[in-house]
Amino acid sequence: MSFYITTPIYYVNAEPHLGHAYTTIAADIVARHMRQRGEDVFFLTGTDEHGEPVVQAAEKAGLTPRQLGDRNAPRFQAMGELVGATNDFFIRTTDPRHIERVQEVIQRVHDNGHVYEGTYEGWYCPRCADFKTESELGPGNTCPIHRIPLEREKEDNWFFRLSTFQEPLERLYAERPDWIVPDFRANEALAFIRGGLHDVSLSRPKLKWGVPLPWDEEQVMYVWFDALLNYYTALSFGRDGEDLTERFWPVSWHFLAKDILKFHAVYWPAFLMAAGIEVPQRELIHGYLLMEGHKMSKSLGNVLDPFAVIERFGADALRFYCFREVSFGQDGAVSADGFEQRYETELANDWGNLASRSLAMIERYRDGVVPDAEVDPVLAEGADGLTGLDGRVRELLDEVELTQALEQIWARVRRLNRYVEESRPWDLAKDPAEAERLDTVLYSLAEGVRFLALLLLPYLPETSGRLLDALAEGGREMDVFGSRGGGQTIERIPALFPKIEA
Ligand code: MSP
């Protein structure tokens, strides 16, 4: 099945930070998991380079908007690589192929009768690139997000008849109640729709930096419509010599945070309907990582700087921490101190230790060859057994429960550690009469670790890959606990998550 995953395209007016990395990692976890399931995945991310926020930032930096984009887009691209993102393409909205395709779609919206010329008067936030309705305004006519005083703008421009989509949108929400998850975000968007939709500006006359309207070249397209269309246009040029639109449209899952809900859950489906294009299957709205530094940590100072974390501990540790610490979907605080605690107790102790102990015992007691045995029934069965875990993780990820899926896996990491303590292989090794029992235990550990490494691969791709190599496991697709059998010669490797030294 084809599976198309996207992140928002990030504004080039700022430098990449942990918040951007977070969404990219979330999408990457799902992309990797779906590939393991054998799905045909296309994963897209990129940069949003038009519009007023970019123009303003460029002016401040003494650059043209294009220069600012050329400087910062590669930084976002590098951030993706650094966190281990496996996106198939990186789109920039300044790409002439994007611009051309945007013009085609907008012309269709025009020809279908969904635009008209008019005068706009209202409150505009240049940082959001958004007109605020009276009910959205903060105290003293401020932007509720940026808290800056807003300018009252009056201008002649083209309008999109959003108001006529009120009923079709309400129908969309009624027919597909889970098209926006979580529920409370769907309700938020629906309340906005039911509150009454006003037509929105489709163009800005004063701005020069954007996609010109094909029927009125004096005006550039309102940046949000240009930006949203990236999800659609990228498929026509994201892979050389191929048009992937038929194969991957509509989008399977859009990932984004709550800040841009209105654009994705109200404007975007309406705009697609106006263009006669199918609406995406699902949007996942996550919360905010709250990044105020507080307590000092041993090695990272007091703010969680993703670049510093990755340099010192690798991308896997950062990927793990973000999804373990904050329940995906909710807001939650992250900190350098919290990172170190989880790194030590969970990555270094729970998981890293389990892996190295298991490998070491196979080496010591069986000359590095995984015994050929059956898995110990105590590990397979019962509520905390490993059998069927792959299915439960899959169900949770189908519901985009990234944190709960990881929790299920982690409970089994702990279970295997308990198993080591209970079965005491070091005692069994002293008694030749227990040789068969020791075979069972060592095989169960090798198989348990292999199986967990496969489940953890989307979250911890680099270290899981190394561990699977050490276990002489060539495949990366998901399979079931106990399915492999023994006989492989394993390889000792350095600690996956070395302890932190002060
Ligand atoms: N350019 C628009 C999006 C256009 S999509 C067609 C934009 N860009 S942005 O650079 O501001 O990125 C916003 C997105 O970055 C959020 O929706 C979220 O995905 C991510 N995040 C930015 N800060 C974040 C946190 N502090 N926490 C979690 N995600 C955050 O809006």
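Among contacts in the protein chain between residues at least 6 apart in sequence, what percentage join residues at least 24 apart? After that, take me through strand S4 and the strands it pairs with.

Analyst: The model is predicted. The figure is 77%: that share of the contacts between residues at least 6 apart in sequence joins residues at least 24 apart.

Next, the setting. The protein chain holds 19 helices and 15 strands. Its radius of gyration is 26 Å, close to the 23 Å that the globule rule gives for 502 residues, so the chain is as compact as a globular protein of that length. Along the principal axes, the C-alpha atoms fill a box of roughly 90 × 45 × 40 Å. Buried residues account for 58% of the 502 residues. The chain exposes about 20,400 Å², with 49% supplied by carbon and sulfur atoms. There are 53 positive and 81 negative charges, and their mean positions lie 3 Å apart.

Now the part itself. S4 covers residues 115–125. It pairs with S6, residues 151–160, and the two run antiparallel. Ten bridges join them.

S4 and S5 form a hairpin with four residues between the strands. In that hairpin, Ala129 takes a positive phi near 55 degrees.

Methods: Residues numbered from 1 in each chain as written. Predicted model: local features only at pLDDT ≥ 70, side-chain atom pairs only at ≥ 80, totals over all residues. Heavy atoms only, no water. Rg over C-alpha atoms; globule rule 2.2 N^0.38 Å. Buried < 20%, exposed > 50% of the residue type's maximum accessible area, 1.4 Å probe, protein only. Contact = heavy atoms within 4.5 Å. Areas by Shrake-Rupley, 256 points an atom, 1.4 Å probe, with all protein chains shown as cover. Lys, Arg positive; Asp, Glu negative; His and termini not counted. Charge placed at Lys NZ, Arg CZ, Asp CG, Glu CD. Pairing = 2+ DSSP bridges.
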